[in-house]
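Student: Hey, can you walk me through this one? I've got a few quick questions.
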Amino acid sequence: MAVKSYYALLDLPPSASGDDIKKAFRQQIARYHPDKVQHLGKEFQDMAADRAAELTEAYRILSNDASRADYDRTLGAAPAAASSPAAAPAAPSQPPPPAQAPKAESASTTGGRPSSEQAPGPSAGKAAFHEERASRDDYLRKATLNRFKHAVEAVGEYDPSSLRGFDIALVPKAKMFGRSKNPRLLGRYVSMVDGAAVADAWVQAGKWSPEDTCVFLLGTGLASAGELAGAIAEQRKKTRGRVTLIPVDARDWGSYVPNDAPEIAKSLLARLKRGT
């Protein structure tokens, strides 16, 4: 079983200093405080409680020199100590000396943490760092899309479809007489909803159908309202199509809803906000 990276939990590399660890912990733990997530859905509250416990344990280990040294050895990625003496330049290649008894392992000047010569290198730590971040992002993506799907199911009136590049695609249910006035719906999760994400989603949605299409761009990070409004206005000028795009902040389910958004979209957003 792979060792979980406490550095990744704090969004830090294994070479982070003690001050960096303390600062990162304070910033991260504040994000997951119960008062900050009480308005979110249960899945996010549970995630926040688990993450707060993990952050606290990570800080307990990494803020203590001896515990951190043990952890680095276990992780197999102890960073070079900033206060360790600089290593001597490498000598020219020579035949290996006669075999000698192994020297006793000595601690560096960082309170018992091993030096860079003793560590196998940072590659394992970097891999664990990126793996943990990817795991966290995947959890957020799944939780966000599941809530969106449940809201759509509660609204009804739609059948599942598919469109490359989107996580969710829905078409109005067929009616016995006439056609539904509801637009097609698309959902895409991105880590950051910004101008570039708006432009790409808009272009891809425009290729789906000449019929009205409403795109929900869901993310746990949003650019400024000015940037998003400008990007949407630019796409409307370029395409003059029948696309409506709504940026949604999955952290609190707030959204930027255009005045001409279809009623079904407003109903869906209200259900997302309520968590039903």
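Student: Leaving aside neighbours within four places in sequence, which residues is N182 in contact with?
Tutor: This is a predicted model, by the way. In it, N182 touches E157, Y158, P172 and I264, once you skip its neighbours within four places in sequence.
Student: And where is N182 found?
Tutor: N182 sits in the loop between β2 (168–172) and β3 (184–189).
Student: What does the side chain of N182 make with the side chain of E157?
Tutor: Those two side chains make a polar contact, at 2.7 Å.
Student: How many bridges join β5 to β6?
Tutor: There are 2 bridges, and β5 (residues 243–249) and β6 run antiparallel. Looking at β6, you'll find S255 as the bridge partner of V248.
Student: What about α7 and α8, at what angle do their axes cross?
Tutor: Roughly 30 degrees, and the axes come within 9 Å. Here α7 is residues 195–206 and α8 is residues 225–239.
Student: Why are they called roughly parallel?
Tutor: Angles under 35 degrees count as roughly parallel, and the axes cross at roughly 30 degrees. α7 and α8 are therefore roughly parallel to each other. The crossing of α7 past α8 is right-handed.
Student: Which residues meet there?
Tutor: From α7, it's G195, V198, A199, W202 and V203; from α8, it's E227, L228, A231, I232, Q235, R236 and T239. By class, that contact has 7 nonpolar, 3 polar and 2 charged residues.

Methods: Residues are numbered from 1 along each chain as its sequence is written. This is a predicted model: local features need pLDDT of at least 70, side-chain atom pairs count only at pLDDT 80 or more; totals for chains, interfaces and linings use all residues. Side-chain values use heavy atoms; hydrogens and water are left out. Axes are lines fitted to C-alpha atoms, for helices over the stretch in contact, and angles run from 0 to 180 degrees between N-to-C directions. Helices (H or I, at least four residues) and strands (E, at least two) are DSSP runs, numbered from the N terminus. Angles under 35 degrees count as roughly parallel, over 145 as roughly antiparallel, 65 to 115 as roughly perpendicular and the rest as oblique. A crossing is left-handed if the near helix is turned anticlockwise from the far one by less than a right angle, and right-handed if clockwise. Contact means heavy atoms within 4.5 Å. Ala, Val, Leu, Ile, Met, Phe, Trp, Tyr, Cys and Pro count as nonpolar, Asp, Glu, Lys and Arg as charged, and the others, Gly among them, as polar. A polar contact is a pair of N or O atoms within 3.5 Å; within protein, one must be able to donate a hydrogen and the other to accept it, and residues adjacent in sequence count only if both atoms are side-chain atoms. Two strands pair if DSSP finds at least two bridges between them.
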